[in-house]
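Colleague: I have a structure here that I would like to go through with you. Could you take my questions one at a time?

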Amino acid sequence: MVATFLLIGHKGESHWSLVLSQALAPLGNLEIASEEEIDERFQNQYEAIIIDAGAVDEVPSLVSHLRVRCPATPIVVATASPTWQLAREAYQAGATDYIRKTVDQEELYAILADILSRALPPRPGETI
């Protein structure tokens with residue numbers, strides 16, 4: 001079974017989403033959804049959810065919403081402009097990790113493979 005990852009950001013491909021997709025290719029497939037579409041995606045199960053912090057309105061509330069819906073799924077917040085304030089808010093809301101966006105595919109692969117290795121196994125009947 002191939003793993004599936006969800007990127008929440010701008011609908012459609014961006015340069016960074018293409019780099020992320022290529023970096024995750026050895027692990028699985030990347031689906032992209034806008035913030036407005038995420039509730040439609042809860043029928044699918046994801047190995048991890050990645051939030052493009054620059055493409056959503058309110059990162060902490062989105063993380064909280066996702067954490068309630070999928071308590072065991074890693075939620076990673078990715079940003080081009082990291083700040084300790086947003087990092088703190090993301091972690092307090094339930095984010096698993098907070099990373100700097102990079103176009104280095106090997107670095108992205110290493111970061112996400114490490115996050116997945118630390119992830120808890122899914123709970124029976126968990127949906128997302």
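Colleague: Which residues of helix α1 are buried?

Modeller: This is a predicted model. In α1, which spans residues 15–24, the buried residues are W16, S17, V19, L20, A23 and L24.

Colleague: Where do they lie around the axis of α1?

Modeller: They cover an arc of only 160° around the axis, so they are on the same side of α1.

Colleague: Let us change topic. How many residues does the largest nonpolar core have?

Modeller: That core has 21 residues. I8, I51, V63, L66 and V77 have the most contacts inside it.

Colleague: Which elements give two or more residues to this core?

Modeller: They are the strands β1 (3–8), β3 (48–52) and β4 (75–79), together with the helices α2 (59–69) and α3 (84–93). The largest share, four residues, comes from α2. A second, separate core has 18 residues, including F5, W16, A23 and A78.

Colleague: Staying with α2, which of its residues are buried?

Modeller: V59, P60, L62, V63, L66 and R67 are buried in α2. Seen down the helix axis, the buried residues fall within an arc of 160°, so they line one face of α2. They pack against β1, β3, β4 and α3.

Colleague: What is V63 in contact with, leaving aside its neighbours within four places in sequence?

Modeller: With those neighbours left aside, V63 is in contact with I51, I75, V77, A90, A93, G94 and A95.

Colleague: Now to β4. In which sense does β4 pair with β5, parallel or antiparallel?

Modeller: The pairing of β4 with β5 (residues 97–100) is parallel and runs over four bridges. In one of the pairings, V76 has D97 of β5 as its bridge partner.

Colleague: Which hand does the β-α-β unit of β4, α3 and β5 have, right or left?

Modeller: The unit made by β4, α3 and β5 is right-handed.

Colleague: One last residue. Is T79 buried or exposed?

Modeller: T79, which is found in strand β4, has a relative accessible area of 6%. Buried means under 20%, so T79 is buried. Leaving aside its neighbours within four places in sequence, T79 is in contact with A53, Y98, I99, R100 and K101.

Technical notes:
Residues are numbered from 1 along each chain as its sequence is written. This is a predicted model: local features need pLDDT of at least 70, side-chain atom pairs count only at pLDDT 80 or more; totals for chains, interfaces and linings use all residues. Side-chain values use heavy atoms; hydrogens and water are left out. A nonpolar core is a set of buried Ala, Val, Leu, Ile, Met, Phe, Trp, Tyr and Cys residues joined through side-chain atoms within 4.5 Å. Buried means under 20% relative accessible area, exposed over 50%, partly exposed in between (1.4 Å probe, protein chains only). Contact means heavy atoms within 4.5 Å. The arc is that of the directions from the helix axis to the C-beta atoms. Two strands pair if DSSP finds at least two bridges between them. A crossover is right-handed if, with the strands pointing away from the viewer, the path from the first strand over the helix to the second runs clockwise.
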